[in-house]
Amino acid sequence: MGRKSKLGWLLGGLFLPVVALAFAVTTLLYHPQTPLPPEWNPTRPLDPKAPLTRITQWKLAGAVAEPQLCAAALERIAAPVVALPPQEQDDQCHIRNRVQLSNLATARIAPLETRCDIALRLAMWEHHGLQPAAQALLGAGISRIHHYGSYSCRTIAGSSRMSQHATANALDISGFDLTNGQKIRLRNDWQATGKTAEFLRSARNSACAWFRMVLSPDYNAAHHDHFHMDQGRWSGCR
Ligand SMILES: [Zn+2]
């Protein structure tokens, strides 16, 4: 038996198993009644409230790269979302994929104008990080999230480089109101001890799963009263 015919025999033997496998995978991914949960299915769009899986961040990266996918995902977690036309001040200062939010998954927020990417990350942080931590550590939910805004056409303090805020690619969070009436503010409570301080550490740490850069009061005095979060080039969790 020559080499060629051995190869032919091998390929012939593999043909049926390969076709069967392709059929099984296609059915698993595309059949309407697939037993694969949507959060594990790479062909299904991101559901921002779905349980987290190993492919959640991959789906999120795909969603924020496409304005329409981002808008659809944001609508599923933070409705009603107001889509606004882009704001173009100049090359360095603009808000693209601009939205206005006043609700997150559960908590309310003073109207926030930002990029869809930042809005979606904020809502996912609230749903998957902040609310569970508040329940576990403080025995209450978060009813309101306080912020210092997203867009600001300026340089980084003490630098000539433009801030991520100049493109609304950043967000500053200053505190949380709980459903039991407790008001938590970074400027008052970061230095406290006990469960409130523990909650704020947990909030900072969980933000790092959703934003590339997170700066807390631990970083420097300029951040004593807020968490800065952005999606710029640099990463950090301080
Ligand atoms: Zn900031």
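Is C208 buried, partly exposed or exposed? C208 is partly exposed, with a relative accessible area of 22%; here buried means under 20% relative accessible area, exposed over 50%, and partly exposed in between (1.4 Å probe, protein chains only).

1. **Ground rules.** This is a predicted model, in which local features need pLDDT of at least 70 and side-chain atom pairs count only at pLDDT 80 or more, while totals for chains, interfaces and linings use all residues. Residues are numbered from 1 along each chain as its sequence is written, and side-chain values use heavy atoms, with hydrogens and water left out.

2. **The zinc site.** H165 (NE2), D172 (OD) and H228 (ND1) coordinate the zinc ion at 2.0 Å. Donors are N, O and S atoms within 2.8 Å of the metal (3.2 Å for Na, K and Ca), and water is not among the atoms, so sites may look incomplete. Along the chain the donors follow the spacing H-x6-D-x55-H. Two of them link distant parts of the chain: D172 is in strand β7 (residues 170-178) and H228 in strand β10 (residues 227-230), 56 residues apart. Helices (H or I, at least four residues) and strands (E, at least two) are DSSP runs, numbered from the N terminus. D172 counts as buried because its relative accessibility is 7%, and H228 counts as buried at 9%.

3. **The strands behind the site.** β7 and β10 pair in the antiparallel sense over four bridges; two strands pair if DSSP finds at least two bridges between them. The bridge partner of D172 in β10 is H228, and both residues are zinc donors. Strand β9 (residues 213-215) also pairs with β10 in the antiparallel sense, over three bridges. There, M213 stands opposite D230 of β10.

4. **Two faces of β10.** In a regular strand the side chains alternate between the two faces of the sheet. From β10, F227 and M229 point one way, H228 and D230 point the other way, and all are buried.

5. **Disulfide C70-C116.** The whole structure holds three disulfides, a disulfide being a pair of cysteine sulfur atoms within 2.5 Å. In one of them, the sulfur atoms of C70 and C116 are 2.1 Å apart. This pair links distant parts of the chain, with C70 in helix α3 (residues 67-78) and C116 in helix α4 (residues 116-138), 46 residues apart. The torsion about the S-S bond of C70 and C116 is about -105°, so this disulfide is left-handed. C70 is buried at 1% relative accessibility, and C116 is buried at 3%.

6. **Disulfide C93-C153.** C93 is joined to C153 with an S to S distance of 1.9 Å. C93 lies in the loop between β2 (87-88) and β3 (94-95) and C153 in the loop between β6 (142-149) and β7, so the link ties together parts that are 60 residues apart in sequence. With 75° about the S-S bond, the link of C93 and C153 is right-handed. C93 is buried, with a relative accessible area of 1%, whereas C153 is partly exposed at 35%.

7. **Disulfide C208-C237.** Back to the residue in the opening question: C208 is joined to C237, S to S 2.0 Å. C208 lies in the loop between α6 (195-207) and β9 and C237 in strand β11 (residues 236-237), so the pair ties together parts 29 residues apart in sequence. The link of C208 and C237 is right-handed, with 85° about the S-S bond. C237 is partly exposed, with a relative accessible area of 40%. With the bonded cysteines of the protein numbered in sequence order, the pairing reads 1-3, 2-4, 5-6.

8. **Backbone points to check by eye.** Most residues other than glycine have a negative phi, and most peptide bonds are trans. The peptide bond from A79 to P80 is cis, with omega near -5°, and P80 is found in the loop between α3 and β1 (82-83). N97, in the loop between β3 and β4 (98-103), has a positive phi near 50°; N97 is partly exposed, with a relative accessible area of 33%. A168, in the loop between β6 and β7, has a positive phi of about 55° although it is not a glycine. A168 is buried, with a relative accessible area of 0%.
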